[in-house]
Amino acid sequence: MTAALSLQPLASTPASARLRVCVSLPFARQLVLGGNEPFGGAELRGLTFASGLAADPTLEVHVVVNGSETTPVVRSDRITVHFRRNVSFYEGHMDHPRHSIWGAVDADVYVGFGANEATAELARFCLAHGSAFVLSIASDAAFDPLVGEQSVIRDAYGVAGHYHWYAMHHAHAVFVQTERQRDLFRSMHGREAVLIRNPAPSAVRSAPRRAPQFGGRILWIGRTDPNKRHDAALRLAEALPHRRMIMVCNGIDRSSITDIETARPNLSLAEKVALPDVDGLFRFSDVLVNTSVVEGSPNAFLQAGMHGIPIVSMAVDPDGMLATHGCGRVADGTLAGLARAVESLLTEPGAYASAASASVRWVADRHDPAGRIAELRALVHHTATTHGRRRALRSPLT
């Protein structure tokens, strides 16, 4: 799952002396314990970070996922996995300082991903428990106008804006994925966030493509939610009938896949793909497309660079990696503009090769996993020193 990481034994540091860190990944069960259920970029990013932290002999790393089990599971990399009952993230369920899964873990530092109702629960718990809370901002949607103290305006997922604000406002430390997010956080909250770019999620590295190798095959990976605009990806297949297209669309109705593919003979559609098979999708595609309304820094963009292919985005362009740094092209927000951008990139050999090379350089220069994990490790230690509570001696959890 995170083959790029070299895990070191922890025996050199007594358990009672290690800093206990708990990483909240409620929807990453399939990645943490194995399986091929759908997963998202936040889950992959969180597990990559957690696995890297577990290599630090001064840290004792725990992960919490949703599940009905009552006994923790210890992974081969010595991460202890705990299970949060699948109950509401809103007030009164799992935010008690003792009678909750978070209280049972009893960590010094808790790390959560995304400003949302789940991390708002973790923030409430940490306030009551006295532990430090480190928050990773995922999407630029965390800074939408609907986000604010006591805001009852709901986002595309039905979550009131207050919960996004609460998670960010009560975090002892916040780290962001892009320079834009750092500026937005400063403007909204009047304090600084730490820039820690996403770690590349595996050891795969390919040379940049000099030209399309598979007839201009297009790859799209996402979910069926309003921000991802999977319907626009379906229409792109119709707009470019001479280009083969692969879509991995988590959450799509399985019974409709055959009908969708019949209507679009150039389209291959999957409801889910196991993590070990994702590399194969990039390896046999020529360009990654993105149709999202809003993003942070998508892991799929990194995977494109890891496999040496360029990116075409309908609208989002994190830190100008496409338009300014040349990793691909960003369209005008319309389907017609997206189709033109994809076709022009695939039919201009010099432009294609240049974008593929820039995509590879972007990942190598900014997303080395060892460097990004070291940055988070430093932030965790600093936050524990300045905000955390420690006990003189305690036994390791099992």
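T383 is buried, with a relative accessible area of 1%. Buried means under 20% relative accessible area, exposed means over 50%, and partly exposed lies in between (1.4 Å probe, protein chains only). The model is predicted: local features need pLDDT of at least 70, side-chain atom pairs count only at pLDDT 80 or more, and totals for chains, interfaces and linings use all residues. Residues are numbered from 1 along each chain as its sequence is written, and side-chain values use heavy atoms, with hydrogens and water left out.

T383 sits in helix α13 (residues 369-387). Helices (H or I, at least four residues) and strands (E, at least two) are DSSP runs, numbered from the N terminus. Which residues does T383 touch, leaving aside its neighbours within four places in sequence? They are A132, V134, H172, A173 and G388. Contact here means heavy atoms within 4.5 Å.

Now turn to the sheets. Two strands pair if DSSP finds at least two bridges between them. Strand β1 (residues 19-24) and strand β5 (residues 109-113) run parallel and are joined by three bridges. In this pairing, C22 stands opposite Y110 in β5.

A second open sheet has six strands, in the order β11-β10-β9-β12-β13-β14, and the pairing is parallel. Here β11 (267-270) and β14 (328-330) stand at the edges, each with a single partner strand, so one side of each lacks a neighbour in the sheet. From one strand to the next, the twist averages 15°. Six bridges join β9 (residues 218-223) to β10 (residues 245-250). G222 stands opposite C249 in β10. Helix α9 (residues 275-283) lies across β9, β10 and β12 (287-290), at about 145° to β9.

Next comes helix α2 (residues 41-54). Twelve of its 14 residues are buried, so α2 is largely enclosed by the rest of the structure. Among the buried ones are L44, L47, F49 and L53.

Rings of Phe, Tyr and Trp (its six-membered ring) pair if their centres lie within 6.5 Å; planes under 30 degrees apart count as stacked, over 60 as edge-to-face and the rest as tilted. The count comes to eight aromatic pairs. F49 and F175 form an edge-to-face pair, 5.9 Å centre to centre with 85° between the planes. F49 lies in helix α2 and F175 in strand β7 (residues 173-176), so the pair ties together parts that are 126 residues apart in sequence. F113 and F175 are also edge-to-face, at 6.3 Å and 90°. F113 is in strand β5, 62 residues apart from F175. At 10% relative accessibility, F113 counts as buried. F175 is buried too, with a relative accessible area of 1%. Together, F49, F113 and F175 form one aromatic cluster.

Note on methods: Axes are lines fitted to C-alpha atoms, for helices over the stretch in contact, and angles run from 0 to 180 degrees between N-to-C directions.
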